[in-house]
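Here's a quick briefing for anyone meeting this chain for the first time. Have a look at the sequence and the model, then read on.

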Amino acid sequence: MTRNLIELLVLYQDLDLMLKETAEAEATMGFEMEGREKLRKAMDDIAKNISPRFLRTYQRLHTRFKRPIVPVQNDVCLGCFAKLPTSYGEKGRKDQMIYTCEQCGRILYWVE
Ligand SMILES: [Zn+2]
């Protein structure tokens with residue numbers, strides 16, 4: 001359940017970044033790129049499966065960070081490189097909720 005939620009959020013973030021990249025490319029090239037509508041549609045589809053509460057958290061963080069969701073490796077937040085309590089990892093892997101970094105506030109996900 002949580003894994004799915006995080007995976008959806010990560011996917012959402014990927015599409016979000018891709019959409020921004022195409023917007024930047026369009027600005028420099030001066031014409032509309034194909035596929036943007038598809039990206040936007042895919043984002044909408046994913047958003048339907050993410051609870052509004054988490055989407056709001058994502059969007060709020062997105063005003064501060066380019067990537068609001070970051071992986072954790074060896075108990076270190078790869079957003080700000082703060083060491084996280086080991087118990088975080090144990091809980092974060094299986095709990096039905098979202099964990100954020102105490103230092104930078106980004107949403108964390110654990111890669112196996
Ligand atoms: Zn952090």
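What follows is a short tour, from the overall layout down to single residues.

This is a predicted model, where local features need pLDDT of at least 70, side-chain atom pairs count only at pLDDT 80 or more, and totals for chains, interfaces and linings use all residues. Residue numbers start from 1 along each chain as its sequence is written.

**Overall picture**

- Helices (H or I, at least four residues) and strands (E, at least two) are DSSP runs, numbered from the N terminus.
- The C-alpha trace spans about 50 × 25 × 25 Å along its principal axes.
- Of the 112 residues in the chain, 14% are buried. Here, buried means that 20 or more other C-beta atoms lie within 10 Å of a residue's own, exposed means 12 or fewer, and partly exposed is in between, with C-beta atoms placed from the backbone.
- Take the contacts between residues at least 6 apart in sequence: 55% of them join residues at least 24 apart. Two residues are in contact if their C-beta atoms, placed from the backbone, lie within 7 Å.

**How confident is the prediction?**

- Mean pLDDT for the chain is 89, and 95% of its residues reach 70 or more. pLDDT is the predictor's confidence in each residue, from 0 to 100.
- Confidence is lowest in α4, with a mean of 81, and highest in β2, at 96.

**The sheet**

- The 3 strands form an open sheet in the order β2-β1-β3, with mixed pairing. Two strands pair if DSSP finds at least two bridges between them.
- At the edges sit β2 (76-77) and β3, each pairing on one side only.
- β1 and β3 are parallel, paired over 4 bridges, and Val70 stands opposite Leu108 in β3.
- β1 and β2 run antiparallel and are joined by 2 bridges, with Val72 opposite Cys77 in β2.
- As background, strands of a sheet pair through backbone hydrogen bonds, either parallel or antiparallel.

**The core**

- The largest nonpolar core has 11 residues, among them Leu9, Tyr12, Ile69, Val72, Cys77, Ile107 and Leu108. Helix α1 (2-29) and the strands β1 (69-73) and β3 (107-110) each supply at least two residues of this core.
- A nonpolar core is a set of buried Ala, Val, Leu, Ile, Met, Phe, Trp, Tyr and Cys residues joined through C-beta atoms within 7 Å.
- What does Ile107 touch, leaving aside its neighbours within four places in sequence? Its contacts are Leu9, Thr57, Tyr58, Leu61, Pro68, Ile69, Ile98 and Thr100.

- Helix α2 (residues 36-48) has 13 residues and reaches 19 Å from its first C-alpha to its last, close to the expected 18 Å. That expected span is 1.5 Å times one less than the number of residues.
- Is α2 largely in the open or mostly buried? The number of buried residues among its 13 is 0, so α2 lies largely in the open.
- Ala47 lies in α2 and is partly exposed, with 14 other C-beta atoms within 10 Å.
- Not counting residues up to four places away in sequence, Ala47 touches Tyr12 and Leu55. Ala47 and Leu9 are 38 residues apart in sequence, yet 8.4 Å apart in space, C-alpha to C-alpha.
- Glu34 is in the loop between α1 and α2, and counts as exposed because it has 7 other C-beta atoms within 10 Å.

- Most residues other than glycine have a negative phi.
- Asn74 takes a positive phi near 50° in the hairpin of β1 and β2, which has 2 residues between the strands.
- Asp75, in the loop between β1 and β2, has a positive phi near 65°. Asp75 is partly exposed, with 14 other C-beta atoms within 10 Å.
- Phe81 isn't a glycine either, but has a positive phi of about 65°. Phe81 lies in the loop between β2 and α4 (86-94) and counts as exposed, with 10 C-beta neighbours inside 10 Å.
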